[in-house]
Amino acid sequence: MVAVFDRSARARALPLLNLADPGRPLAWRGSRRVDVAGFLADVADVAATLPAARSAINLCEDRYAFLVAFCAIAGRGQTNLLPSARTPQAIAETLAAHPGSYTLGDAGSGAMQALPPLMSEDAGAAVPVIDAEQVVAIGFTSGSTGQPKPNPKRWHALHASEARNVAALADALDLEPGMIANVVATVPPQHMYGIELSVLLPLLGPFAVHGGRPLFPADVAAALSDVPEPRLLVTTPVHLRALLADPAPLPKIGAIVSATAPLPPELAAAAEARYGAPLLEMFGSTETCVIAQRRTAIESDWHLYDGLRLRPQPDGTLVDAPYFEQPIVLQDLVELLPEHRFRLCGRHADLIDIAGKRASLAELTRRVQSLPGVTDAAVLQLDRPDSMGVCRIAALVVAPARSEADLLDELRAIVDPAFLPRPLRKLDALPRNETGKLPRAALLAALDA
């Protein structure tokens with residue numbers, strides 16, 4: 001029997017905060033605690049300064065500033081635009097696609113609108129109530145054409161989806177009623193993984209978030225030291241490798257979450273052994289948000305969140321949930337297993353994830369081909385990881401009058417640094433076969449040559 005989801009019984013409005021106790025911690029700026037009352041005052045102050053518009057690109061680097069800006073934009077009935085890259089070209093393209101929008105950022109960011117000073121001393125600001133159907137965010141990813149694809153997120157859908165993350169993480173941390181866990185995240189808040197695990201968690205669950213974005217092991221240790229136990233580390237396989245390669249100890253961690261790229265079981269086991277904490281790997285996409293999790297050190301199959309349903313297709317998988325407007329197509333192939341579990345069996349997509357960021361090889365190729373003097377190009381991801389465990393991007397380019405160094409300099413303005421091709425090699429011609437296609441083996445051989 002096919003399950004039928006009832007999408008009619010939705011609240012008309014939902015609060016910004018599920019736990020609105022004015023004195024409970026919601027964030028940390030360094031070791032300085034920000035409680036709910038102070039946070040709501042900051043949100044109200046920022047919202048009062050925003051121009052009339054339908055949407056804004058949230059460019060705040062400081063995670064607490066991003067959180068405040070995200071909520072102020074949503075509270076004004078506007079939409080947070082979250083381009084997949086923060087290059088000038090990506091921002092310009094997003095603004096062009098959403099006329100009348102503006103950019104909002106930290107002081108000195110060059111955004112059209114700068115945040116006022118935060119950490120307001122005022123108190124008594126009300127908890128905003130947001131229309132359940134309001135599109136509070138649009139996350140962008142690349143579709144099969146290689147062009148960025150907008151993924152609108154309605155407030156009721158984020159509420160319902162995040163409830164599953166809250167339950168899974170509270171269980172992993174053994175949180176008792178009244179306890180607050182403190183989140184330190186190495187991933188950027190602008191991407192959906194960062195939104196779910198460092199923005200929505202403190203809004204909709206018993207969590208407070210550290211305002212920094214530590215990248216190096218010493219920074220992670222310092223951020224963890226800023227917050228009390230229990231601590232949740234939100235990270236990626238790349239950052240986990242760097243942490244494990246550093247001999248310095250970390251403050252006690254209650255649980256670890258990893259996503260954005262496949263997590264090798266041996267890396268998960270090493271992290272659990274080193275830090276004495278369970279490590280949950282999360283699975284999802286910009287389109288679906290997180291839909292499943294597993295403890296990779298001890299299991300290979302995924303646990304689908306309650307209320308969701310997978311329907312395998314020849315070229316992917318349909319995902320349905322009560323909060324989806326319609327089933328969403330994943331490019332992953334799955335095998336359904338008993339007890340609401342499934343096994344991943346590969347994917348047809350050309351999407352790649354590096355350090356919490358997502359891109360399309362087709363879109364990267366388009367950008368290389370758009371450079372003056374380039375007559376042909378191909379971009380691919382290498383099979384062998386570098387010393388940081390990252391499988392880097394490489395490019396083969398036909399550009400008779402250009403140098404490799406000049407091409408790379410131009411790419412820095414239009415490609416996120418995580419996806420700059422290293423190496424970029426010039427060729428007289430690409431190794432296309434008789435049908436015009438580029439076999440991967442031929443591209444790798446050309447790179448080695």
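The following dialogue walks through several features of a predicted model, from the overall fold down to single residue pairs.

Colleague: How does the radius of gyration of the chain bear on the idea of a compact globule?

Modeller: A compact globule with 449 residues would have a radius of gyration near 22 Å, and because the chain has 22 Å, the two agree. As for burial, 55% of the 449 residues in the chain are buried. One of the buried residues is I256, which counts as such because its relative accessible area is 0%; I256 belongs to strand β14 (residues 255-258), and its C-alpha atom is separated by 8.6 Å from that of E272, 16 residues apart along the chain.

Colleague: Let us take the salt bridges next; what is the general idea, and how many does a search of the whole structure find?

Modeller: In general, side chains of opposite charge can pair when their charged atoms come close. A search of the whole structure finds 15 salt bridges. One of them joins E281 to R294, with the closest N and O atoms 3.1 Å apart, and this pair links distant parts of the chain, as E281 is in strand β15 (residues 279-285) and R294 in strand β16 (residues 289-294), 13 residues apart.

Colleague: Are E281 and R294 buried or exposed?

Modeller: The cut-off for buried is under 20% relative accessible area. E281 has 3% relative accessibility and therefore counts as buried, and R294 is buried because its relative accessible area is 12%.

Colleague: Which residue forms a salt bridge with D301, and where do the two partners lie?

Modeller: D301 forms a salt bridge with R341, and the closest N and O atoms are 3.2 Å apart. Here too the pair links distant parts of the chain, for D301 sits in the loop between β16 and β17 (302-304) and R341 in strand β22 (residues 341-347), 40 residues apart. D301 is buried, with a relative accessible area of 10%, whereas R341, at 22% relative accessibility, counts as partly exposed.

Colleague: What can be said about the salt bridge between R367 and E363 within helix α9?

Modeller: R367 and E363 both belong to helix α9 (residues 361-369), four residues apart, which is about one turn of the helix. Their closest N and O atoms are 3.1 Å apart, and both residues are buried. The pair is also part of a network of salt bridges that links E93, E363, R366 and R367.

Colleague: Turning to aromatic residues, how is a pair of rings described, and how many aromatic pairs does the whole structure hold?

Modeller: A pair of aromatic rings is described by the distance of the centres and the angle of the planes. A search of the whole structure finds five aromatic pairs. Among them is the pair of Y323 and F324, which is edge-to-face, with 5.2 Å centre to centre and 85 degrees between the planes. Y323 and F324 are both buried. Elsewhere, F283, W302 and F342 form one aromatic cluster.

Colleague: How much space lies in the second largest pocket, and which classes of residue make up its lining?

Modeller: The second largest pocket has about 350 Å³ of space. Of the 17 residues that line this pocket, L215, V238, H239, A355 and R392 are the closest to its centre. Its lining has eleven nonpolar, one polar and five charged residues, and helix α7 (residues 237-245) gives the most to that lining, with three residues.

Terms used:
Residues numbered from 1 in each chain as written. Predicted model: local features only at pLDDT ≥ 70, side-chain atom pairs only at ≥ 80, totals over all residues. Heavy atoms only, no water. Phe/Tyr/Trp six-rings, centres within 6.5 Å; stacked < 30°, edge-to-face > 60°. Buried < 20%, exposed > 50% of the residue type's maximum accessible area, 1.4 Å probe, protein only. 1 Å grid on protein atoms, 1.4 Å probe; cavity = no way out; pocket = protein on both sides within 12 Å on 5 of 7 lines; lining within 4 Å. Points joined across faces, edges and corners; volume = space filled by probe spheres on them. Helix = DSSP H or I, 4+ residues; strand = E, 2+ residues; numbered from the N terminus. Nonpolar A, V, L, I, M, F, W, Y, C, P; charged D, E, K, R; others polar. Salt bridge = Lys/Arg side-chain N within 4 Å of Asp/Glu carboxyl O. Rg over C-alpha atoms; globule rule 2.2 N^0.38 Å.
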